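User: I'm new to this one, could you walk me through it? I'd like to begin with the strands.

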Amino acid sequence: MLQIDSLTKRFGSATAVDKVTVKVDRPIMIGIIGASGAGKSTLLRMLNLLERPTEGVITFEGRQVSGLTGRAARGWQAECAMIFQQFNLVPRMDVVSNVLHGTLYRAGTLRALTAMWPDADIRRAIDILARLGIEEQAAKRAEALSGGQQQRVAIARALMQNPKIILADEPIASLDPMNAQIVMQALRTIHEEDGRTVICNLHTLDTARRYCDRVIGMKQGRVVFDGTPEQLTTGVARDIYGADASFSEDATSTEIRDTTADAIREAKAAV
Ligand SMILES: Nc1ncnc2c1ncn2[C@@H]1O[C@H](COP(=O)(O)OP(=O)(O)OP(=O)(O)O)[C@@H](O)[C@H]1O
């Protein structure tokens, strides 16, 4: 399905991503973990063509995507929608228009300027917002929503593209534990119900273990672990983070484990 071969990115003399090879042969939810500067964002940004690899190849369903340009590159970017830590919404624009911006890859800029959206797209945007439990916010400005709600709007915008892959760069790093749960549960549900692959950069081991089927550990640009959550022991985590024996998993926790059962139920009900 998705094959990353020896992908490398150098910024000047610094190597941010160093010969990363990853094969994904079925829709799956993957968490990428590693210390700050390990290369997680750069890897995700190369997958989405926001950064161009210095070396290496990305192939999806037998098609090489790493060298695409122009319209073909935009087509691929629609197939692998990206969401970001800071949501990247238009703050003063209403929620449903933000979601409809997810269709711009096929609609062109004229529609963005005139804000003339086909009824079918508007209905679809509302349906996606409903699925994410935030349809009541549709008419509000994005900036009026909580961080967790804004991230769900960003997920809705991504879903408007009907992507095969969702790339999420630290999607919960700005959120409180309860909203982090809701957003991760939304991504998990999208993976399970729609069969979309989700690849998430995460700061926290507990989140990767709880929501992902496969965890990739990066250190200094390289993949140093690729396995199941069960294989991600404290010793392995210590190696990934380059920590000494005093390494504590709490240092990489979002305190999600302190979240009440009610919050978890709410997260599930919202999706
Ligand atoms: N545009 C850039 N120009 C120069 N160096 C960069 C650029 N982007 C990233 N880097 C460097 O590449 C390395 C990897 O950065 P990257 O952001 O991919 O790591 P990360 O694992 O996502 O870190 P964090 O968790 O802090 O976001 C770092 O040393 C960073 O300073």
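Predicted model: local features only at pLDDT ≥ 70, side-chain atom pairs only at ≥ 80, totals over all residues.

User: Okay, how many bridges join β1 to β2?

Analyst: Seven bridges join strand β1, residues 2-11, to β2, and the two run antiparallel. Within this pairing, Gln3 stands opposite Lys23 in β2.

User: And what sits between those two strands?

Analyst: β1 and β2 form a hairpin with two residues between the strands, and in that hairpin Gly12 takes a positive phi near 60°.

User: Which residue is the bridge partner of Thr8 in β4?

Analyst: That is Glu55, the bridge partner of Thr8 in β4. Strand β4, residues 55-60, pairs with β1 in the antiparallel sense over five bridges.

User: So what's the order of the strands in the sheet?

Analyst: The sheet is open and has four strands in the order β2-β1-β4-β5, with antiparallel pairing. The edges are taken by β2 and β5 (63-64), each of which has a single partner strand, so one side of each is left without a neighbour in the sheet.

User: Which strands does α1 touch?

Analyst: Helix α1 packs on the sheet and touches β1, β2 and β4, and its direction makes about 60° with that of β2.

User: Switching topic, which residues are around the ligand?

Analyst: The residues around the ligand are Phe11, Ala14, Ala16, Gly34, Ser36, Gly37, Ala38, Gly39, Lys40, Ser41 and Thr42. The elements that give two or more residues to this shell are β2 (14-24) and α1 (40-47), and the largest share, three residues, comes from α1.

User: How do the residues of that shell divide into nonpolar, polar and charged?

Analyst: The shell around the ligand divides into four nonpolar residues, six polar ones and one charged.

User: Last topic, the helices: at what angle do α6 and α7 pack?

Analyst: Helix α6, residues 119-131, and helix α7, residues 147-160, pack at an angle of about 135°, with their axes 9 Å apart. The two helices are therefore oblique to each other, and α6 passes α7 in a right-handed crossing.

User: Which residues make the contact?

Analyst: From α6 the contact is made by Arg124, Ala125, Ile128 and Leu129, and from α7 by Ala156, Leu159 and Met160. The residues of this contact of α6 with α7 divide into six nonpolar, no polar and one charged.

Terms used. Residues numbered from 1 in each chain as written. Near = placed C-beta within 6 Å. Nonpolar A, V, L, I, M, F, W, Y, C, P; charged D, E, K, R; others polar. Pairing = 2+ DSSP bridges. Axes fitted to C-alpha atoms, helices over the stretch in contact; angles between N-to-C directions. Parallel < 35°, antiparallel > 145°, perpendicular 65-115°, else oblique. Left-handed = near helix turned anticlockwise from the far one by under 90°. Contact = placed C-beta atoms within 7 Å.
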